[in-house]
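The sequence and structure come first.

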Amino acid sequence: MILDSLVVAQDAFEDRTGWRLEPQGACKGEVCVPLPAEVRNADGLDVRVLAERLGMPLVADEEHGLFALGPETGITGRALTTAEAPDVELPDLDGNPFRLSNLRGRKVLLVAWASW
Amino acid sequence: MWQELRSEVFPRGLEIVTVALDVDAEQARPFIEAAAPEHPALVDSAHLVDELFGVVNVPNGVWIDEQGMIVRPAEPAFPGRSPVTESFRTIDLSTLPPDIADVLTEARKIRTDPEQYRAMIDDWVEHGARSRYVLAPDEVVRRSQPRASAEATAAAHFELGQHLHRAGDHAAAIPHWRAAHRLFPSNWTYKRQAWNFEDPIRQGRTDVYEGSWYDDVKAIGAENYYPPVVP
């Protein structure tokens with residue numbers, strides 16, 4: 001996730017990462033990770049607290065004023081934390097957004113390919 | 001290829017969603033337009049599906065059931081045919097420049113089993129949740145790609161790189177993509193995407209990156225380029 005500060009809006013964080021903030025902490029599938037109260041500040045969520053608790057690497061590119069928060073680690077040791085499919089939203093060639101959950105009720109074969 | 005499959009399986013309850021891992025969406029356009037897909041054909045410039053699903057090479061398929069549960073995690077996927085790898089075997093190497101002939105000689109060792117994957121798809125369409133190829137949730141997680149700090153950090157670097165490239169600063173992407181390659185050497189999408197910008201035809205050795213398709217694949221043996229699909 002690309003950020004330009006170390007505060008992130010909850011809905012943006014949830015949408016991008018698939019983690020949901022519940023009373024018991026950050027949850028994804030059957031996993032919940034407790035979060036300290038200081039994860040919230042006046043402007044949103046503290047990225048450093050999220051990074052530490054969820055094992056998400058935080059890479060800074062100071063020259064460009066950017067950060068990238070990587071995916072969680074230390075939970076399953078795998079790319080998947082849960083078998084629940086992420087509700088990813090991606091555009092078509094014309095830029096129209098499409099959410100994977102639009103296809104709920106059908107089987108889906110998601111195929112990753114590339115021009116290269 | 002996928003549209004052909006889609007026209008057969010869509011009436012039986014399976015939709016295909018193609019996702020182009022192209023940082024520059026316009027590179028995917030000619031292929032998508034030629035296919036004239038009826039299914040969603042999406043573009044993933046940030047390679048989010050690498051991070052979210054554990055994709056490390058293309059083509060890869062993920063099976064998702066009607067309730068939104070992944071029932072097979074990302075693995076090599078071919079829709080009954082693999083025209084690109086077929087073409088490696090039929091082309092006359094003596095007509096090619098030596099360096100390209102070397103690449104294809106190695107590439108001929110790539111193993112795919114398109115018929116097997118097609119049979120698995122047909123079985124899933126036929127039997128749904130009772131298909132023997134449908135996996136339980138903890139097996140799905142277990143079979144997804146290993147991810148520790150290095151791989152996750154690679155994803156962060158790759159994402160920064162594509163963000164900077166798309167903002168118009170390609171040179172700023174390079175150190176991030178070099179870091180991604182170093183941290184996650186078995187992720188072919190990070191490598192091939194980056195090499196493609198510098199040398200689209202050969203993805204060969206350049207001053208920009210430490211590896212090349214030929215060197216990196218030969219180091220592991222092209223027979224290991226795609227892991228075998230385990231039913």
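How many bridges join E12(A) to strand E1 (residues 14-20) of chain B? E12(A) and E1(B) are joined by 7 bridges and run parallel. Strands pair if DSSP finds at least two bridges between them. Helices (H or I, at least four residues) and strands (E, at least two) are DSSP runs, numbered from the N terminus. Within this pairing, A:Val111 stands opposite B:Thr18.

This is a predicted model, in which local features need pLDDT of at least 70 and side-chain atom pairs count only at pLDDT 80 or more, while totals for chains, interfaces and linings use all residues. Residues are numbered from 1 along each chain as its sequence is written, and chains are lettered from A and ligands numbered from 1 in the order in which they are written.

**Chain contact**

Chain A gives 43 residues to the contact and chain B gives 70 residues; two residues are in contact if their C-beta atoms, placed from the backbone, lie within 7 Å. On the side of chain A that touches chain B, at least two residues each come from E8 (58-61), E9 (66-69), E10 (89-91) and E12 (107-113). E12(A) supplies the largest share, 7 residues. This side of chain A divides into 27 nonpolar, 9 polar and 7 charged residues. Here Ala, Val, Leu, Ile, Met, Phe, Trp, Tyr, Cys and Pro count as nonpolar, Asp, Glu, Lys and Arg as charged, and the others, Gly among them, as polar.

**Strand pairs**

| Pair | Bridges | Direction |
|---|---|---|
| E12(A) and E1(B) | 7 bridges | parallel |
| E1(A) and E9(A) | 2 bridges | antiparallel |
| E8(A) and E9(A) | 4 bridges | antiparallel |

A:Ala68 in E9(A) stands opposite A:Ile2 and also opposite A:Val59. The hairpin of E8(A) and E9(A) has 4 residues between the strands, and A:Gly65 takes a positive phi near 65° there.

**Helices in chain B**

The axes of H9(B) (residues 170-183) and H10(B) (residues 188-198) come within 10 Å and cross at roughly 150°. Axes are lines fitted to C-alpha atoms, for helices over the stretch in contact, and angles run from 0 to 180 degrees between N-to-C directions. The two helices are therefore roughly antiparallel to each other, a term used for angles over 145 degrees. From H9(B), B:His170, B:Trp177, B:Ala180 and B:His181 meet B:Tyr190, B:Lys191, B:Ala194 and B:Phe197 of H10(B). The residues of this contact divide into 5 nonpolar, 2 polar and 1 charged.

Notes:
Angles under 35 degrees count as roughly parallel, over 145 as roughly antiparallel, 65 to 115 as roughly perpendicular and the rest as oblique.
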